[in-house]
Structures are given as structure tokens and as C-alpha cells.
Amino acid sequence: MDSPDHEESRVLYSAGKGPEIVQNINANARNKETRWTFWLITAGISTTFGAAVPTGYNIGVINAPANVIKSWCNETIYETYGTVFSEGNLETFWSAVVSIFLVGGVIGSLGGAWVADKLGRKRSFLLCGFLLVAGGLCFQFTKAIGSVELLMIGRIVVGLAAGLTTSTVPMYLTELAPLGLRGALGVLCSMGVTGGVVVGQVMSLEEVFGTEAHWQFALSFYVLLVIAFFVPYHWLPESPKYLFVIRRKQDEAVNELKRIMGRKVRDEYIKQQVEAMRREASPDHQDAECGDDSTVVEKPKERTLISVLRDPTLLLPLVLVCALQGGQQLSGINAVFFYSVSIFESVGLSSTDAKFANLGAGCLNLFVAFFSPVLMAKFNRRFLALTSCSMCALFLFALTFVVYFIDDVEWFSYACIVAILLYILFYQIGLGPIPYFIGSELFEVGPRPAAMAMGSLASWGCNFIVAMLFTTLQNAWGAFVFLPFTCTCVALTVLLKFYLPETRGKHISQIAPLVASGFRSKPLVP
């Protein structure tokens, strides 16, 4: 039997009212289900503070206490092996300690697809927490037992957790969310990582734990967050789409969907969601008549990384996901934060004050991130992504120009600060949050884990490249080190302008055909 909304739509069509009014009515019907429920809020908070914030924490915590940890490493290596590192060897060793986290991120991303399908979205989150706690314990005891090896093991373990977090947590949240809240839940991982960086910077200050006696507490403090926010794990829902499409547990999927949406959910909404999942599970039979809820769903074709890479219909969305995630890092956000300390020192701030000013820039990044859920709900993805990329390119070029002439024009030091702050502002409205969840909006459930894993791999891989090359290129190129980041943002703007379809408020069945023809696709054509 048709719902009242469908019946009203049929009447309007017969009365010649046109499709626009009907679309508005159907949109209003969907909006009735676009609300924050208890389990959506709980899952969002638990995953954000239990995995995303610790991921960002481990990115931001290592910089401030670097000198005291390097000194301890040098002494420990001498006591253990009788070897004295030269300054150059010590710097090389420290680079390995820092960058092995990124190597772990790459490996964790590659494993994300397998873990998400074999363990499920919810248990993938549990594995993230287990790895984070294991890494924190390594940090806590590394000084007590005098082992630099344990420090490196801890760094690679939390790197594995970070790669797994960025490839699975956004997917888990977007699969839980109703259509109208998909973007708002999808950006929570990005917000958590951004907030974690700031928390890590604060906890590693000399005034807190960043001292010779307490640096191990700075590195391991995040474990308290993981333990506290994993308390509700047992009761968290599994992704209904994963249960229905991948595991073929239809009854469990429907029960989880009802539990997520709460008591007020309409039966018609549940039927619509089941129908959408059935179509996603059997894409070759989308136009067939579907029976009642007991209809058996065929087992979907297994989508491995290799099969996704070889599928020509997935080429363009995969390029978009990898370009956005990799471009997020190649846009130079970490390099800008690294360079901002010297910029702040150039206007007369002391080294300590410059570090606090840099922390302030990080707080601005976090402040803007808090508005991401509202931005994702109110504005189209294309508009935000294009605005963000183009403005980042503009202010990176401006930063290059003013840094080059900073000694010739007195007020250019202040112009540098303005350029940095505006760059951070525009980065966070689109290029910061959107890459984390766009894969969940461009791919169906089957190939989605592989696509998210490839995107996360691109992110951590490009992060590693920037970490390894930036200092060398800065010494060789000076101010022009920002030009490659500028070119990346320009290239991203062009790619998104022609090939990124609008995904806000659309089901995957509407989006996938728009990009199925590769670079011959015309995703902007209605």
C-alpha cells in the first residue's frame, strides 16, 4: 500500500502540478527522518573521541618535546650499544622515529578494506582502539625500561591505528547516517583529527608534560580518551548496509536500522531504506520488481582492491577520492604549520611566543572545523570543495610572493600571517573535511571499503612525501617551496570543476551512473 506521501505525489502529477512540487514533498518526507537520534550521537561521539582525536593527537604531540626525546634517545643508545650518534646521525634517527608513524598509516590504510569487510565496520573501530592502547602502553614504558625500540614500535602501531581509522571510521558513520545527516556525520572524523592535533600540541608543551621527566606521559595521555570513549562500544549499532549487502543478514540489518532511527521512525521510511539496500546488493536487477521484505538478496560480488582498480566504471570516482585525499596533504597544510613558527618569529615574537602563536593557528583550524557539520548540511559539496581549493591556491601563491619579498617590505611580515590564517580558514571549509567521507558518497557498499582504503593510502603516502621532502626543498628553493602546493590546489580545482558530481542529498544509485564512463563522463549533466 502506498504511503500518504506517495499518494499525494500521484494526485499532484495527475493534477498537472509538475515534478518540482512532488520532489519538494518527497524531500519533506525524508526530512522527517533527518534528525539526531541517541545512537547516532553516541556513535559519533565514541568514534570521534575514541579514535579520530587520538589519531590527531599522535600527529601533533611529537614536535614540541622533540629535543628532550632526542637527547634521551642519544643517551639510551649509548648506554645500550656503546654508540655515540653524531648530530647528523641523530637527526636521521629522529626522522625515522617521526616518519615511521606515516609508514604505519600507509600499511593501516591498505588493510582497511580487508578489515572493514571481514570484521565489519563496528569491529574495525574496536581494532583501532586496541592498536591505540597498545601503542600508548609502548610509549608509557619505553623510558622505564630504556628501550628506543619500544618507542619506534609504539609509533608504528599508532600509525597502523591512524591509517585504519581514516579508512574505516568515516565509512562506518556515513553508513549509519540518514541521507540528510550523511555529511554532518562524515566530517566528525576530520574534526576529531584536527582537534586531536591541537590537544597533542597543548599536552606536549613544557608547561604540561613536555619536559625531560614527563615526556612519556605526553605521548601516552590519549589512552585515557580511548578507554573512556570505548565504554559504550558493546551497545553501538553495526552498519545496516554492511549487514544487509555484505553479510546478507537482512533481519539484523532492519533491526539495527530501527534501533538507530528510534521509536518515531516511520514504517515507510524503513521500507524505503530496505529497498535502497536491496538495489545496492543486486545492482544488476535495479529495475526489477522487488517482492516483500523476505526477498532473498544475492550474495554481492566480492570487491577486492585489485577488482576495484580494474573496474573501468570505478576509475573516475577512485581518481576523485585519491586526488582529494592525496591533494589534502599536497596542499601543504602541514608544511604551512611548520613554517608558521618562523613567520611569527620574523615579526618579533620570541621562540616561545611563536610556538604559542602557532598553537593559536591550530586553534583557528579547530574553530572553523566545528562549523563543518553545519556547512555540510547547508551547502553543496561541489561549491565548498571548489571554493576551498581555489582560495587555498590563491593564498599559497600570496604566501610565496610575500615571503620572497619579506625583507624588502616592512609590513609583509604581517601579510604573511594574514595569508597563513586565511589559507587555514579556507582549507578547513572544504579541503580539510570533504576528502574524509567523499568516498562513501561516490561508491556503493561493495567497492566502498577498497575505495576508502585507497584514498587513505593516498593521504598517508602524500603526507610521508611532504614530511620527507619539505625541509630539503625549503633549503633549496626558499619561498618557492610553496609553489608545488599552489599547483596542486589549482590542479584539484580543475579536476573537481569538470568531474566531481554533486553528492549532497543524493542516493548512491543516482550518483554512480554519473561517473561510470570514466573521463568521458559528464557528471554535471542532469
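Predicted model: local features only at pLDDT ≥ 70, side-chain atom pairs only at ≥ 80, totals over all residues.
Residues are numbered from 1 along each chain as its sequence is written, and side-chain values use heavy atoms, with hydrogens and water left out.

Helices are DSSP runs (H or I, at least four residues), numbered from the N terminus. Helix α6 spans residues 121-142 and helix α7 residues 148-176. The two pack at an angle of about 160°, with their axes 8 Å apart. Axes are lines fitted to C-alpha atoms over the stretch in contact, and angles run from 0 to 180 degrees between N-to-C directions. α6 and α7 are therefore roughly antiparallel, a term for angles over 145 degrees. The crossing of α6 with α7 is left-handed, that is, the near helix is turned anticlockwise from the far one by less than a right angle. The contact between α6 and α7 comprises 20 nonpolar, six polar and four charged residues. In this scheme Ala, Val, Leu, Ile, Met, Phe, Trp, Tyr, Cys and Pro are nonpolar, Asp, Glu, Lys and Arg are charged, and the others, Gly among them, are polar.

Helix α22 covers residues 434-442. Nine of its nine residues are buried, so α22 is largely enclosed by the rest of the structure. Buried means under 20% relative accessible area, exposed over 50%, and partly exposed in between (1.4 Å probe, protein chains only). The buried residues of α22 include P435 and Y436.

Q328 lies in helix α16 (residues 315-330). Its relative accessibility is 1%, so Q328 counts as buried. Beyond residues up to four places away in sequence, Q328 touches A323, I333, Y427, L431, G432, P435, Y436 and S459; contact means heavy atoms within 4.5 Å. The Q328 side chain reaches the backbone oxygen of G432 at 2.6 Å.

C389 sits in helix α20 (residues 381-404). C389 is also buried, at 1% relative accessibility. The C-alpha atoms of C389 and V494 are 9.4 Å apart, although 105 residues separate them along the chain.

R248 occupies the loop between α12 (240-246) and α13 (250-261). Most residues other than glycine have a negative phi. R248 is not a glycine, yet has a positive phi of about 60°. At 42% relative accessibility, R248 is partly exposed.

Notes. Polar contact = N/O pair within 3.5 Å; in protein donor to acceptor, adjacent residues only side chain to side chain. Parallel < 35°, antiparallel > 145°, perpendicular 65-115°, else oblique.
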